[in-house]
Amino acid sequence: MKIIQVVGRSNAGKTTFIKNLIGALSAHGAVGAVKHLGHHGFSLEPGKDTTMYYESYAAISGGVDEEKSVVVRRENDLNSTLEVLCNAGIEYAILEGFKSRSFPRIVIGDLESENVVLRNPSVEEVIAALDRFEDYYTVEGLVRDLRRECDISHAGAILTFNGIVREWSGDDRTEYMDFDKTVDTVAESIQKEMETVPGIIGARFYHRKGRLYAGEDITYLAILAEHRQEAFAAAANAIDRLKRELHDVEK
(Lines give C-alpha, C1' and ligand atoms only; values in the text may rest on other atoms or scores of the structure.)
Protein backbone atom coordinates (compact mmCIF):
# COMPACT_ATOMS: atom_id res chain seq x y z
CA MET A 1 0.00 0.00 0.00
CA LYS A 2 1.38 3.38 -1.02
CA ILE A 3 1.09 6.17 1.58
CA ILE A 4 0.57 9.65 0.15
CA GLN A 5 0.59 12.29 2.86
CA VAL A 6 -0.84 15.76 2.17
CA VAL A 7 -0.12 18.60 4.61
CA GLY A 8 -0.63 22.35 4.64
CA ARG A 9 -2.12 25.19 6.60
CA SER A 10 -5.85 25.50 7.22
CA ASN A 11 -7.80 26.66 4.16
CA ALA A 12 -4.83 26.00 1.87
CA GLY A 13 -6.92 23.80 -0.41
CA LYS A 14 -5.92 20.34 0.86
CA THR A 15 -9.41 18.85 0.79
CA THR A 16 -10.16 19.99 -2.77
CA PHE A 17 -6.81 18.65 -3.93
CA ILE A 18 -7.38 15.31 -2.20
CA LYS A 19 -10.85 14.95 -3.73
CA ASN A 20 -9.34 15.36 -7.20
CA LEU A 21 -6.47 13.01 -6.36
CA ILE A 22 -8.86 10.29 -5.15
CA GLY A 23 -10.73 10.43 -8.43
CA ALA A 24 -7.56 10.13 -10.50
CA LEU A 25 -5.92 7.45 -8.36
CA SER A 26 -9.06 5.30 -8.37
CA ALA A 27 -8.31 4.47 -11.99
CA HIS A 28 -5.08 2.82 -10.80
CA GLY A 29 -6.34 0.93 -7.75
CA ALA A 30 -8.37 1.05 -4.53
CA VAL A 31 -7.99 4.33 -2.64
CA GLY A 32 -8.46 5.07 1.05
CA ALA A 33 -8.39 8.50 2.71
CA VAL A 34 -7.83 9.38 6.36
CA LYS A 35 -8.04 12.88 7.87
CA HIS A 36 -6.39 13.96 11.10
CA LEU A 37 -9.28 15.47 13.05
CA GLY A 38 -7.09 16.80 15.84
CA HIS A 39 -9.05 18.39 18.67
CA HIS A 40 -12.21 18.80 16.60
CA GLY A 41 -13.31 15.20 17.11
CA PHE A 42 -16.00 13.39 15.18
CA SER A 43 -19.60 13.62 16.34
CA LEU A 44 -21.65 10.45 16.37
CA GLU A 45 -25.36 10.99 15.83
CA PRO A 46 -27.08 10.87 19.25
CA GLY A 47 -29.62 8.16 19.88
CA LYS A 48 -28.61 5.93 16.97
CA ASP A 49 -28.03 2.25 17.70
CA THR A 50 -24.45 2.30 16.42
CA THR A 51 -23.72 5.30 18.66
CA MET A 52 -25.18 3.53 21.68
CA TYR A 53 -23.15 0.41 20.93
CA TYR A 54 -19.99 2.54 20.84
CA GLU A 55 -20.98 4.35 24.04
CA SER A 56 -21.45 0.92 25.64
CA TYR A 57 -17.74 0.34 24.96
CA ALA A 58 -17.99 -1.98 21.98
CA ALA A 59 -14.50 -2.25 20.50
CA ILE A 60 -16.08 -1.89 17.05
CA SER A 61 -19.58 -0.60 16.30
CA GLY A 62 -20.93 -0.73 12.78
CA GLY A 63 -23.90 -0.67 10.50
CA VAL A 64 -24.65 -1.80 6.94
CA ASP A 65 -27.29 -0.40 4.62
CA GLU A 66 -28.12 -1.00 0.96
CA GLU A 67 -25.32 1.27 -0.30
CA LYS A 68 -22.54 1.31 2.26
CA SER A 69 -21.22 0.26 5.63
CA VAL A 70 -19.89 2.35 8.48
CA VAL A 71 -17.56 1.29 11.29
CA VAL A 72 -16.50 3.14 14.42
CA ARG A 73 -13.44 1.77 16.20
CA ARG A 74 -12.16 2.60 19.66
CA GLU A 75 -8.58 2.60 18.33
CA ASN A 76 -7.38 6.15 17.72
CA ASP A 77 -3.82 5.69 16.48
CA LEU A 78 -2.77 6.03 12.85
CA ASN A 79 -0.81 2.77 12.73
CA SER A 80 -3.86 0.64 13.50
CA THR A 81 -5.88 2.52 10.88
CA LEU A 82 -3.18 1.97 8.24
CA GLU A 83 -3.20 -1.73 9.11
CA VAL A 84 -6.98 -1.88 8.59
CA LEU A 85 -6.69 -0.15 5.21
CA CYS A 86 -3.87 -2.39 4.00
CA ASN A 87 -5.63 -5.56 5.16
CA ALA A 88 -8.75 -4.40 3.31
CA GLY A 89 -6.87 -4.28 0.01
CA ILE A 90 -6.35 -0.52 -0.25
CA GLU A 91 -3.52 0.24 -2.68
CA TYR A 92 -3.22 4.01 -2.12
CA ALA A 93 -3.76 5.55 1.33
CA ILE A 94 -4.08 9.34 1.30
CA LEU A 95 -3.44 11.01 4.64
CA GLU A 96 -4.58 14.56 5.28
CA GLY A 97 -2.51 16.08 8.05
CA PHE A 98 -0.65 14.02 10.68
CA LYS A 99 2.26 16.48 10.41
CA SER A 100 4.12 14.77 13.28
CA ARG A 101 4.48 11.61 11.16
CA SER A 102 7.40 11.99 8.79
CA PHE A 103 6.13 10.23 5.67
CA PRO A 104 7.30 11.54 2.29
CA ARG A 105 4.67 14.20 1.67
CA ILE A 106 2.93 16.70 -0.54
CA VAL A 107 2.69 20.26 0.75
CA ILE A 108 -0.21 22.46 -0.31
CA GLY A 109 0.57 26.12 0.24
CA ASP A 110 3.65 27.67 1.83
CA LEU A 111 3.99 25.51 4.95
CA GLU A 112 7.62 24.77 5.86
CA SER A 113 8.04 21.01 6.20
CA GLU A 114 10.43 18.07 5.99
CA ASN A 115 10.40 15.09 3.60
CA VAL A 116 8.67 17.14 0.89
CA VAL A 117 8.27 15.19 -2.35
CA LEU A 118 6.08 17.74 -4.14
CA ARG A 119 4.79 21.22 -3.38
CA ASN A 120 1.52 22.47 -4.88
CA PRO A 121 1.57 19.79 -7.60
CA SER A 122 -1.01 18.87 -10.17
CA VAL A 123 -2.71 15.49 -9.82
CA GLU A 124 -0.80 14.31 -12.89
CA GLU A 125 2.51 15.21 -11.22
CA VAL A 126 1.59 13.14 -8.17
CA ILE A 127 0.73 10.08 -10.24
CA ALA A 128 4.01 10.41 -12.13
CA ALA A 129 5.91 10.48 -8.81
CA LEU A 130 4.19 7.60 -6.98
CA ASP A 131 7.44 5.65 -6.65
CA ARG A 132 8.79 8.42 -4.40
CA PHE A 133 6.20 7.79 -1.69
CA GLU A 134 6.52 5.25 1.13
CA ASP A 135 5.14 1.71 0.96
CA TYR A 136 3.32 0.10 3.86
CA TYR A 137 3.00 -3.67 4.30
CA THR A 138 1.04 -6.22 6.27
CA VAL A 139 0.88 -9.99 5.80
CA GLU A 140 -2.76 -9.78 4.69
CA GLY A 141 -1.83 -6.96 2.35
CA LEU A 142 0.75 -9.21 0.66
CA VAL A 143 -1.87 -11.95 0.30
CA ARG A 144 -4.29 -9.54 -1.35
CA ASP A 145 -1.50 -8.38 -3.63
CA LEU A 146 -0.89 -11.96 -4.75
CA ARG A 147 -4.59 -12.60 -5.35
CA ARG A 148 -4.90 -9.37 -7.30
CA GLU A 149 -1.86 -9.79 -9.53
CA CYS A 150 -1.50 -13.56 -10.04
CA ASP A 151 -3.57 -16.18 -11.81
CA ILE A 152 -5.04 -18.31 -9.02
CA SER A 153 -6.82 -20.81 -11.25
CA HIS A 154 -4.22 -23.50 -10.45
CA ALA A 155 -3.52 -22.38 -6.88
CA GLY A 156 -4.11 -24.77 -4.02
CA ALA A 157 -2.48 -22.91 -1.13
CA ILE A 158 -1.44 -19.56 0.21
CA LEU A 159 1.21 -19.74 2.90
CA THR A 160 2.13 -16.77 5.09
CA PHE A 161 4.95 -16.19 7.53
CA ASN A 162 5.39 -13.34 10.01
CA GLY A 163 8.82 -13.23 11.63
CA ILE A 164 9.41 -11.30 14.86
CA VAL A 165 12.56 -10.24 16.69
CA ARG A 166 13.22 -13.00 19.22
CA GLU A 167 14.17 -11.66 22.62
CA TRP A 168 15.78 -14.80 24.04
CA SER A 169 17.89 -17.41 22.23
CA GLY A 170 18.95 -19.74 25.00
CA ASP A 171 20.74 -17.51 27.51
CA ASP A 172 21.44 -14.75 24.96
CA ARG A 173 19.14 -11.73 25.01
CA THR A 174 18.48 -9.53 21.97
CA GLU A 175 17.17 -6.06 22.80
CA TYR A 176 16.99 -4.89 19.20
CA MET A 177 18.35 -5.37 15.69
CA ASP A 178 19.29 -2.69 13.14
CA PHE A 179 18.75 -2.98 9.38
CA ASP A 180 19.52 -0.45 6.66
CA LYS A 181 18.39 -0.22 3.04
CA THR A 182 20.65 -3.10 2.00
CA VAL A 183 17.94 -5.48 3.25
CA ASP A 184 15.82 -4.48 0.25
CA THR A 185 18.34 -6.00 -2.16
CA VAL A 186 18.45 -9.28 -0.25
CA ALA A 187 14.65 -9.42 0.10
CA GLU A 188 14.18 -8.79 -3.62
CA SER A 189 16.69 -11.51 -4.47
CA ILE A 190 14.96 -13.99 -2.15
CA GLN A 191 11.56 -13.19 -3.64
CA LYS A 192 12.83 -13.72 -7.19
CA GLU A 193 14.40 -17.02 -6.17
CA MET A 194 11.09 -18.23 -4.67
CA GLU A 195 9.24 -17.30 -7.85
CA THR A 196 11.50 -19.58 -9.93
CA VAL A 197 10.66 -22.69 -7.87
CA PRO A 198 8.38 -25.12 -9.76
CA GLY A 199 4.85 -25.00 -8.40
CA ILE A 200 5.20 -21.48 -6.99
CA ILE A 201 2.76 -19.16 -8.73
CA GLY A 202 3.78 -15.98 -6.94
CA ALA A 203 5.61 -14.73 -3.87
CA ARG A 204 5.86 -11.52 -1.86
CA PHE A 205 8.58 -10.88 0.69
CA TYR A 206 9.13 -7.80 2.83
CA HIS A 207 11.75 -7.05 5.48
CA ARG A 208 11.37 -4.03 7.73
CA LYS A 209 14.21 -1.53 8.12
CA GLY A 210 15.55 0.58 10.96
CA ARG A 211 15.84 -0.37 14.61
CA LEU A 212 13.50 -3.23 15.48
CA TYR A 213 13.03 -4.18 19.12
CA ALA A 214 12.33 -7.59 20.64
CA GLY A 215 8.78 -8.69 19.93
CA GLU A 216 8.33 -6.43 16.90
CA ASP A 217 7.58 -7.69 13.40
CA ILE A 218 10.62 -8.11 11.20
CA THR A 219 9.54 -10.02 8.08
CA TYR A 220 6.36 -10.67 6.11
CA LEU A 221 6.16 -13.47 3.57
CA ALA A 222 3.28 -14.70 1.40
CA ILE A 223 3.51 -17.54 -1.13
CA LEU A 224 0.89 -18.62 -3.67
CA ALA A 225 1.48 -22.21 -4.76
CA GLU A 226 -0.14 -25.07 -6.61
CA HIS A 227 0.37 -27.39 -3.62
CA ARG A 228 1.11 -26.84 0.07
CA GLN A 229 4.32 -28.92 -0.02
CA GLU A 230 5.89 -26.55 -2.54
CA ALA A 231 4.88 -23.55 -0.47
CA PHE A 232 6.33 -25.04 2.74
CA ALA A 233 9.63 -25.87 1.03
CA ALA A 234 9.96 -22.46 -0.64
CA ALA A 235 9.22 -20.65 2.63
CA ALA A 236 11.74 -22.72 4.60
CA ASN A 237 14.48 -22.08 2.03
CA ALA A 238 13.69 -18.36 1.95
CA ILE A 239 13.82 -17.93 5.73
CA ASP A 240 16.98 -20.02 6.00
CA ARG A 241 18.66 -17.84 3.39
CA LEU A 242 17.49 -14.67 5.11
CA LYS A 243 18.84 -15.84 8.44
CA ARG A 244 22.13 -16.86 6.89
CA GLU A 245 22.73 -13.70 4.87
CA LEU A 246 21.26 -11.04 7.17
CA HIS A 247 20.23 -12.05 10.67
CA ASP A 248 23.24 -14.16 11.64
CA VAL A 249 25.52 -11.44 10.26
CA GLU A 250 23.65 -8.79 12.25
CA LYS A 251 24.21 -10.72 15.48
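The lining of the largest pocket draws at least three residues from each of domain 1 (2-135) and domain 2 (139-248). The model is a predicted one.

**Overall build**

- The protein has 251 residues, and 38% of them count as buried.
- Its secondary structure consists of seven helices and 15 strands.
- Along the principal axes, the C-alpha atoms fill a box of roughly 55 × 45 × 45 Å.
- If contacts between residues at least 6 apart in sequence are taken, 66% of them join residues at least 24 apart.

**The two domains**

- The protein is divided into domain 1, residues 2-135, and domain 2, residues 139-248.
- A distance of 29 Å separates the C-alpha centres of domain 1 and domain 2.
- Contact between the two involves five residues of domain 1 and four residues of domain 2.
- About 380 Å² of area is buried between domain 1 and domain 2, and carbon and sulfur atoms give 47% of that area.

**The largest pocket**

- The volume of the largest pocket is about 1400 Å³.
- Its lining is made up of 42 residues, and those nearest the centre are Met1, Asp135, Tyr136, Tyr137 and Tyr206.
- Two or more lining residues come from each of α3, β8 (134-135), α5, α6 (182-195), β13 and β15.
- Helix α5 gives the largest share of this lining, with eight residues.
- Sorted by class, the lining of the largest pocket holds 18 charged, 15 nonpolar and nine polar residues.

**The second largest pocket**

- The second largest pocket contains about 1200 Å³ of space.
- There are 31 residues in its lining, with Leu37, Phe42, Val71, Arg73 and Glu75 nearest the centre.
- At least two lining residues are supplied by each of β2 (31-35), α2 (49-55), β3 (60-64), β4 (69-73) and α3.
- The lining of the second largest pocket divides into 13 nonpolar, 11 polar and seven charged residues.

**Helices α3 and α5**

- In helix α3, the buried residues are Leu78, Ser80, Leu82, Leu85 and Cys86.
- The cover over these buried residues of α3 includes strands β1, β2, β4 and β5 (92-96), together with helix α5.
- Just after α3 comes Gly89, which has a positive phi of about 95°.
- Helix α5 spans residues 139-149, and its buried residues are Val139, Gly141, Leu142, Val143, Asp145 and Leu146.
- These buried residues of α5 pack against α3 (78-87), β9 (157-164), β13 (200-207) and β15 (217-225).
- An α-helix has 3.6 residues a turn, so residues three or four places apart point the same way.

- Val6 lies in strand β1, which covers residues 2-8.
- Val6 counts as buried because its relative accessibility is 0%, and the cut-off for buried is under 20%.
- Apart from residues up to four places away in sequence, Val6 touches Lys14, Phe17, Ile18, Ile94, Leu95, Glu96, Gly97, Ile106 and Ile108.
- Val6 and Thr160 are 154 residues apart along the chain, and their C-alpha atoms are separated by 33 Å.
- Thr51 is part of helix α2.
- Thr51 also counts as buried, because its relative accessibility is 5%.
- With neighbours within four places in sequence left aside, Thr51 is in contact with Leu44 and Glu45.

**Two loop residues with positive phi**

- Tyr57 sits in the loop between α2 and β3.
- Although Tyr57 is not a glycine, it has a positive phi of about 75°.
- Tyr57 counts as exposed because its relative accessibility is 66%, and exposed means over 50%.
- Asn115 sits in the loop between β6 (105-108) and β7 (116-119).
- Asn115 is likewise a residue other than glycine with a positive phi, in this case near 55°.
- Asn115 counts as partly exposed because its relative accessibility is 40%, which falls between the cut-offs of 20% and 50%.

Conventions. Residues are numbered from 1 along each chain as its sequence is written. This is a predicted model: local features need pLDDT of at least 70, side-chain atom pairs count only at pLDDT 80 or more; totals for chains, interfaces and linings use all residues. Side-chain values use heavy atoms; hydrogens and water are left out. Buried means under 20% relative accessible area, exposed over 50%, partly exposed in between (1.4 Å probe, protein chains only). Helices (H or I, at least four residues) and strands (E, at least two) are DSSP runs, numbered from the N terminus. Contact means heavy atoms within 4.5 Å. On a 1 Å grid over the protein atoms alone, a cavity is a set of points where a 1.4 Å probe fits but cannot get out, and a pocket is an open set with protein on both sides within 12 Å along at least five of seven lines; lining residues have an atom within 4 Å of a point. Grid points are joined across faces, edges and corners, and a volume is the space filled by probe spheres set on the points. Ala, Val, Leu, Ile, Met, Phe, Trp, Tyr, Cys and Pro count as nonpolar, Asp, Glu, Lys and Arg as charged, and the others, Gly among them, as polar. Domain bounds come from an automatic or database domain assignment. Buried area is the accessible area (1.4 Å probe) that two parts lose on being put together, summed over both.
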